[in-house]
Amino acid sequence: MEEQAPRKIMFVNRRAPHGSIYAYEGLEVVLIFGAYDQEISAAFLDDAVFSLKKGQDTSELGVKEFSATFRVLEAYGVENRYVEKESLEKRGLTPDDLIVDVEVVDGATLRKAMGEQDVLLPF
Amino acid sequence: MTFGILVQEGPYNHEASDSAYHFIQAALAEGHKITGVFFYNDGVTNTTKLMDIPADDRHISKRWSELGAKGVPLIVCVAAAKRRGINSDVLIDHARIDGLGQLSELCIESDRLITFGD
Amino acid sequence: MSAIEVGGKNIALDEDGFLADIGDWNEEVALALAKTENVDMTDAHWEVVNFLRDYYAEYKIAPMIRILTKAIGKKLGKEKGNTKYLYELYPAGPAKQACKIAGLPKPTGCV
Amino acid sequence: MLHIVNKSPFSNGNLDTCLRIAQADDPILLIEDGVFAVKKGTSLEGRMKETVGRHPVYALQADLKARGIEGVVDGVTVCDYAGFVRLVEEHRPHSWL
């Protein structure tokens, strides 16, 4: 088989955790993609910034708490992890409220990064 | 051109399955190749053969199975399927249960990857 | 669903022999699980099991093999951070066997 | 890239986010309930007219027809599924779900 250049694949996360399964099942996809040596990035905008919020406790819901798992993204080869500034600010959050180190970017930076992708996957 | 398709939503509740189906039909008619349809999230429930549909409406899982018979690979995510009680006992013909790695392959092999969902 | 008896108590297992309730785990249970896998637990085996439990406690997932070897190499020494070392300890594969003994949830097998 | 929006702008913010992020001249395709955005005479008509000035805007005919929408905002192109396929051929798609 022909050797291909790695593909640029971005996970565009826009949903909050717990209210629906997209944030969790989206995370499961990212972790698998980490094994395929592609150029993976993850963007968090709109309500997805709540997925990264510190202090989540789902024990009363009886639901698995997975916010800690976002902290493995870097080790799993997700090189770029973007959080959109406007989404964060609108929701009264600062980078200190987040469980992971991410790059807080403005809309223009995110626009440029999205434009460079081969594949965009919404979760 | 080659298209990979990701279906994230179940049938009937949402139009996503219909949109994906019509898109695929049009793409095939235009001479394109579908590298595969990957069913994820509640999308896995598109692929149960236990659907029983009134005769005056479209039969979504049958429609998928017919596409599969034409050679369009139908791939159902094993982890998502297990969560929702879909296994090989209830799976439509011409679909297969496989890992998320297959979605990664679709992303790598297809010229375009398009997602249909809620 | 089967079960194993540990200290007079029945511990439920799923169809693949993983703990049905990960809260049931203790070292005695681990030894009983190791027996079902024909693994004799040495200090080296425990090192990996404890590593997996710590990793799970921190990140809520079992690491994939590539991450596991890298992280083990970093924490326990370079000579241990490779698949050969891990397969010698756990011939059926660290993901399946060591995770089972460590009382982690069954990997979803989604690769 | 091609931006695909499938939600009504009257009950959901996906079109807003799409317009905030989309590069000028990126095409936008409205499908499913997204087609309500291009109906003539709504409170959003002014905004959609501005949008048409910055982006090529398409709406899927089958979805318009299913919802009984005949008049669309000036400058919006109505396309069929074959047109949808051609848009995806020309641009890498992103679905704002």
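**A ring pair, then the contacts**

Guide: Phe44(A) is buried, at a relative accessible area of 2%. Buried means under 20% relative accessible area, exposed means over 50%, and partly exposed is in between (1.4 Å probe, protein chains only).

Visitor: Before we go on, what kind of model is this, and how are things numbered?
Guide: This is a predicted model: local features need pLDDT of at least 70, side-chain atom pairs count only at pLDDT 80 or more, and totals for chains, interfaces and linings use all residues. Residues are numbered from 1 along each chain as its sequence is written, chains are lettered from A and ligands numbered from 1 in the order in which they are written, and side-chain values use heavy atoms, with hydrogens and water left out.

Visitor: Back to rings. How many aromatic pairs does the structure hold over all chains?
Guide: There are 16. Rings of Phe, Tyr and Trp (its six-membered ring) pair if their centres lie within 6.5 Å; planes under 30 degrees apart are stacked, over 60 edge-to-face, the rest tilted.

Visitor: Why is the pair of Phe44(A) and Phe70(A) edge-to-face?
Guide: Their planes stand at 80°, with the ring centres 5.7 Å apart, so the pair is edge-to-face. The two residues are 26 apart in the chain: Phe44(A) is in strand β2 (residues 39–44), and Phe70(A) is in the loop between β2 and β3 (78–84) of chain A. Helices (H or I, at least four residues) and strands (E, at least two) are DSSP runs, numbered from the N terminus.

Visitor: And Phe70(A), buried or exposed?
Guide: Phe70(A) is buried, at 5% relative accessibility.

Visitor: Which residues form one aromatic cluster?
Guide: Phe11(A), Phe33(A) and Phe123(A) from chain A, with Phe38(B) and Tyr40(B) from chain B.

Visitor: New topic: salt bridges. How many over all chains?
Guide: The count is 37. The rule asks for a side-chain nitrogen of Lys or Arg within 4 Å of a carboxyl oxygen of Asp or Glu.

Visitor: Which residue does Arg83(B) bridge to?
Guide: Glu25(A), with the closest N and O atoms 2.6 Å apart. Arg83(B) is in helix α3 of chain B and Glu25(A) in helix α1 of chain A, so the pair joins two chains. Glu25(A) is buried, at 0% relative accessible area. Arg83(B) is partly exposed, at 38%.

Visitor: What about chain C?
Guide: Asp14(C) pairs with Lys106(C) in a salt bridge, closest N and O atoms 3.2 Å apart. They sit 92 residues apart: Asp14(C) in the loop between β2 (9–13) and α1 (27–36), Lys106(C) in the segment after α5 (94–101) of chain C. Asp14(C) is buried at 14% relative accessibility, whereas Lys106(C) is partly exposed at 27%.

Visitor: Now chains A and D. How many residues are in contact?
Guide: 18 residues of chain A touch 13 residues of chain D. Contact means heavy atoms within 4.5 Å. About 1400 Å² is buried between them, 52% of it from carbon and sulfur atoms. Buried area is the accessible area (1.4 Å probe) that two parts lose on being put together, summed over both.

Visitor: How many salt bridges cross the interface of chain A and chain D?
Guide: The rule finds 4. Glu86(A) and Arg20(D) meet in a salt bridge at 3.7 Å, N to O. Both also belong to a salt-bridge network with Arg14(A), Asp46(A), Glu84(A) and Lys90(A). Glu86(A) is partly exposed, at 36%.

Visitor: And chains D and B?
Guide: 20 residues of chain D contact 20 residues of chain B. They bury about 1500 Å² between them, 60% of it on carbon and sulfur atoms. On the chain D side, Tyr81(D), Val85(D) and Glu89(D) lose the most area, together 34% of what that side buries.

Visitor: How many salt bridges are there between chain D and chain B?
Guide: The count is 3. Glu15(B) and Arg67(D) meet in a salt bridge at 2.7 Å, N to O.
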